[in-house]
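Below is a short note for a colleague who has not seen this structure before. Please read the points with the model open.

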Amino acid sequence: MPRGSILFPSSFEDFGNVEAVKKALLRLEQKSFLRRLAHGIYLYPKKDKLLGELSPSIEEIAKAIAKRDKAKIIPTGIMALNRLGLSTQVPMKTVFLTNGAPRSITVGRRTIKFKRTTPKVLAVKGEITSLIIQALKEIGKNNVTDDQLEKIKSYLRLEKREIVEHDAKLAPAWIAKIIQTILT
């Protein structure tokens with residue numbers, strides 16, 4: 001595995017039973033070969049000559065967990081706003097909607113929370129449109145500014161029109177109306 005990989009005991013289930021793998025990972029952590037991010041989550045750290053050991057983002061960790069669990073995730077709230085450049089605020093508690101198990105994982109001083117949601121919410125096809133829908137939900141129906149609409153419009157141009165149209169049908173009515181207005 002390349003440096004920067006996020007590892008789980010289940011990543012090595014072909015090499016032995018879970019307890020033996022956990023013990024081996026613990027030994028590698030004690031030798032500073034691996035770094036433990038959270039219970040059962042390890043990092044094969046990337047090293048930079050100037051910066052030293054590089055840590056993955058909270059989103060990279062969440063995506064690795066989702067991949068392991070074969071679950072779909074969508075960032076919500078402040079994270080969606082931040083990713084779209086609609087807010088400079090970085091959340092300490094990152095929330096993802098998922099079809100996997102609901103839980104919270106603490107990584108350092110930050111928390112990743114997975115909230116179970118309906119299949120309809122996760123049925124969106126576009127990554128950009130899912131962020132836009134979640135960001136608009138966070139902003140609220142009557143609080144969307146013209147400046148925010150302009151930024152959203154520029155992002156919607158990056159997504160294929162048929163994907164945007166599909167995803168707009170899955171969004172709440174007021175968000176669908178905003179998206180349809182932008183498309184015309």
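1. Three strands make up an open sheet in the order 1-3-2, and their pairing is antiparallel. Strand 1 (5-7) and strand 2 are the edge strands, each pairing on one side only. Direction ignored, neighbouring strands of this sheet are turned by 35° against each other on average. Strands are DSSP runs (E, at least two residues) and helices are too (H or I, at least four residues), both numbered from the N terminus. Two strands pair if DSSP finds at least two bridges between them.

2. This is a predicted model, in which local features need pLDDT of at least 70 and side-chain atom pairs count only at pLDDT 80 or more, while totals for chains, interfaces and linings use all residues. Residues are numbered from 1 along each chain as its sequence is written, and side-chain values use heavy atoms, with hydrogens and water left out.

3. The pairings in the sheet are as follows. Strand 1 and strand 3 pair in the antiparallel sense over three bridges, and Ile-6 stands opposite Leu-43 in strand 3. Strand 2 (residues 35-38) and strand 3 (residues 41-44) also run antiparallel and are joined by three bridges. Here Leu-43 in strand 3 is the bridge partner of Arg-35. The hairpin of strand 2 and strand 3 has two residues between the strands, and Gly-40 takes a positive phi near 75° in this hairpin.

4. Next, a helix pair. Helix 5 (residues 127-139) packs with helix 6 at an angle of about 165°, their axes being 10 Å apart. That makes helix 5 roughly antiparallel to helix 6. Axes are lines fitted to C-alpha atoms, for helices over the stretch in contact, and angles run from 0 to 180 degrees between N-to-C directions. Angles under 35 degrees count as roughly parallel, over 145 as roughly antiparallel, 65 to 115 as roughly perpendicular, and the rest as oblique.

5. Helix 5 passes helix 6 in a left-handed crossing. A crossing is left-handed if the near helix is turned anticlockwise from the far one by less than a right angle, and right-handed if clockwise. From helix 5, the contact (heavy atoms within 4.5 Å) is made by Ile-128, Thr-129, Ile-132, Leu-136 and Ile-139, and from helix 6 by Gln-148, Ile-152, Tyr-155 and Leu-156. By class, the contact of helix 5 with helix 6 has seven nonpolar, two polar and no charged residues. Ala, Val, Leu, Ile, Met, Phe, Trp, Tyr, Cys and Pro count as nonpolar, Asp, Glu, Lys and Arg as charged, and the others, Gly among them, as polar.

6. Helix 6 (residues 146-156) also packs with helix 8 (residues 173-183), at an angle of about 70° and with axes 10 Å apart. Helix 6 and helix 8 are therefore roughly perpendicular to each other. The crossing of helix 6 past helix 8 is right-handed. Helix 6 contributes Leu-149, Ile-152, Lys-153 and Leu-156 to the contact, and helix 8 contributes Ile-178, Ile-179 and Ile-182. This contact of helix 6 with helix 8 divides into six nonpolar, no polar and one charged residues.

7. Is Glu-59 buried or exposed? Glu-59, found in helix 2 (residues 58-69), is buried, with a relative accessible area of 13%. Buried means under 20% relative accessible area, exposed over 50%, and partly exposed in between (1.4 Å probe, protein chains only). Not counting residues up to four places away in sequence, Glu-59 touches Pro-75, Met-79, Arg-83 and Phe-96.

8. Glu-165 lies in helix 7 (residues 161-170). Glu-165 counts as partly exposed, at 30% relative accessibility.
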